[in-house]
Amino acid sequence: MSGSVGADWFVQQSVRWLVTGGAGYIGAHVTLALRDAGSEILVVDDLSTGLAERLPDDVAFVRADVRDTGPVMDAFRRFRPHGVVHLAARKDVAESTAHPLAYYDANLDGLRAVLTACAAYRTRSVLFSSSAAVYGTPSVSPVTEDHAPFPVNPYGRTKLVGEWMLRDAAASAGFGWAALRYFNVAGAAAPHLRDLGGTNLLPRLLRAADQGMPIRVYGGDWPTPDGSPVRDYVHVADVAQAHSAAAVALIEGVLHADVLNVGRGVGTSVLQMIETAREVTGRRLGHVIGARRPGDPASIVAGVERIRARLGWSARHGLEDIVRSAAELVPA
């Protein structure tokens with residue numbers, strides 16, 4: 001599709017999006033945002049970390065590993081998507097450092113299979129789940145999309161190579177694309193969609209509070225104001241809306257070959273997050289300082305001017321909203 005077709009077309013014509021990893025924590029939020037915008041959705045997920053119960057009954061689902069070319073090609077043949085949102089990936093920095101080849105296999109071979117199907121079935125648009133990890137430890141803050149990427153761990157390197165693969169495949173096959181570089185996604189739009197993973201800070205912090213155990217802070221001697229790592233935490237519901245806006249923009253031709261940061265543009269240290277969680281939940285939350293984790297950057301905060309200019313998107317939820325939603329608390 002070329003040129004602008006108007007935003008109404010997106011809703012009225014039931015654009016079909018195939019969402020890989022759409023039963024995962026972020027993926028399920030994205031799936032619902034696209035569905036609520038009027039799209040027809042097919043989710044492809046192997047349920048290694050995703051949950052089928054996150055998906056509503058009106059969303060079609062195929063259980064398959066995206067590295068398995070046969071089921072992926074069959075899904076494309078039957079569904080004939082206008083666009084693909086590719087979220088299926090492994091994303092634990094420490095695990096990627098310990099098992100780098102497993103990350104190259106999961107993140108890049110899966111993307112290769114999806115892009116091969118996109119080319120074969122003339123998919124018009126691809127929206128790629130990338131990461132702030134491509135920046136490594138940037139020398140500037142906030143970091144913009146023009147900053148030279150220099151990932152410092154295998155996870156970040158798979159995301160950067162994934163962007164290269166996407167760019168090259170699009171140039172060959174002629175589809176539009178965008179890569180969304182997420183910063184630290186947290187919170188939940190509903191209890192059944194919450195993050196059940198064991199590695200992200202906020203669910204770890206809340207589990208520690210429930211168990212009456214201190215949370216481990218990975219390093220207290222970072223070059224940051226309080227010595228703990230600084231991150232840009234963004235509500236998963238805002239991230240989902242960024243996908244919905246980008247999907248419309250790809251269909252309209254507003255985006256064609258773009259990289260966009262997705263964050264709040266605000267840095268929060270781990271110790272600040274712990275204190276916010278104490279205040280919001282009223283729970284006792286102790287902490288202990290441990291060793292730094294291999295591959296972790298000291299500080300990374302999003303420059304968000306480009307996504308605001310291109311999509312009119314900005315994060316609506318603040319840090320307290322994020323913590324409250326993750327703790328399943330009703331706003332005061």
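How many residues does the largest nonpolar core have, and which of them have the most contacts inside it? That core has 46 residues, and W17 and I26 are the ones with the most contacts inside it. Welcome to this structure, which is a predicted model.

**The annotated region**

- According to the UniProt record, an unreviewed entry, residues 17-263 carry the annotation "domain: NAD-dependent epimerase/dehydratase".
- Along residues 17-263 the chain is 40% helix and 20% strand.

- Seven strands form an open sheet with parallel pairing, and their order is β3-β2-β1-β4-β5-β6-β11.
- The edges of this sheet are held by β3 and β11; each has a single partner strand, so one side of each has no neighbour in the sheet.
- On average, neighbouring strands here are turned by 20° against each other, with direction ignored.
- Inside the sheet, β5 (residues 125-131) pairs with β6 in the parallel sense, over seven bridges.

**The nonpolar cores**

- Back to the core of 46 residues, where W17 and I26 have the most contacts: the elements that give it two or more residues are β1 (16-20), α2 (25-36), β2 (40-45), β6 (176-182), α8 (236-252), β11 (257-262) and α10.
- Helix α8 supplies the largest share of this core, with nine residues.
- Another core, of 25 residues, lies apart from that one, and its members include L18, L42, A64 and L166.

**The salt bridges**

- Side chains of opposite charge can pair when their charged atoms come close.
- How many salt bridges does the count come to? The count for this model is 17 salt bridges.
- D105 and R67 meet through their side chains in one of them, at 2.7 Å from N to O. D105 sits in helix α5 (residues 100-120), while R67 sits in the loop between β3 (60-63) and α3 (69-79), so this pair ties together parts that are 38 residues apart in sequence.
- Is D105 buried or partly exposed? D105 counts as partly exposed, at 37% relative accessibility, and R67 is partly exposed too, with a relative accessible area of 30%.
- E95 and R90 form a salt bridge in which the closest N and O atoms are 3.0 Å apart. E95 is partly exposed at 26%, and R90 is partly exposed at 36%.
- R292 and D221 also meet in a salt bridge through their side chains, at 3.1 Å from N to O. R292 lies in the loop between β13 (287-290) and α10 (305-311), and D221 lies in the loop between β8 (215-218) and β9 (230-231), so the pair ties together parts that are 71 residues apart in sequence.
- R292 counts as partly exposed at 41% relative accessibility, whereas D221 counts as exposed at 54%, because the cut-off for exposed is over 50%.
- Salt bridges can also join into a network, as they do for R35, D36 and D58.

Key. Residues are numbered from 1 along each chain as its sequence is written. This is a predicted model: local features need pLDDT of at least 70, side-chain atom pairs count only at pLDDT 80 or more; totals for chains, interfaces and linings use all residues. Side-chain values use heavy atoms; hydrogens and water are left out. A salt bridge is a side-chain nitrogen of Lys or Arg within 4 Å of a carboxyl oxygen of Asp or Glu. Helices (H or I, at least four residues) and strands (E, at least two) are DSSP runs, numbered from the N terminus. Buried means under 20% relative accessible area, exposed over 50%, partly exposed in between (1.4 Å probe, protein chains only). A nonpolar core is a set of buried Ala, Val, Leu, Ile, Met, Phe, Trp, Tyr and Cys residues joined through side-chain atoms within 4.5 Å. UniProt positions are given in the numbering used here, feature names are shortened, and annotations may be inferred rather than shown by experiment. Two strands pair if DSSP finds at least two bridges between them. Axes are lines fitted to C-alpha atoms, for helices over the stretch in contact, and angles run from 0 to 180 degrees between N-to-C directions.
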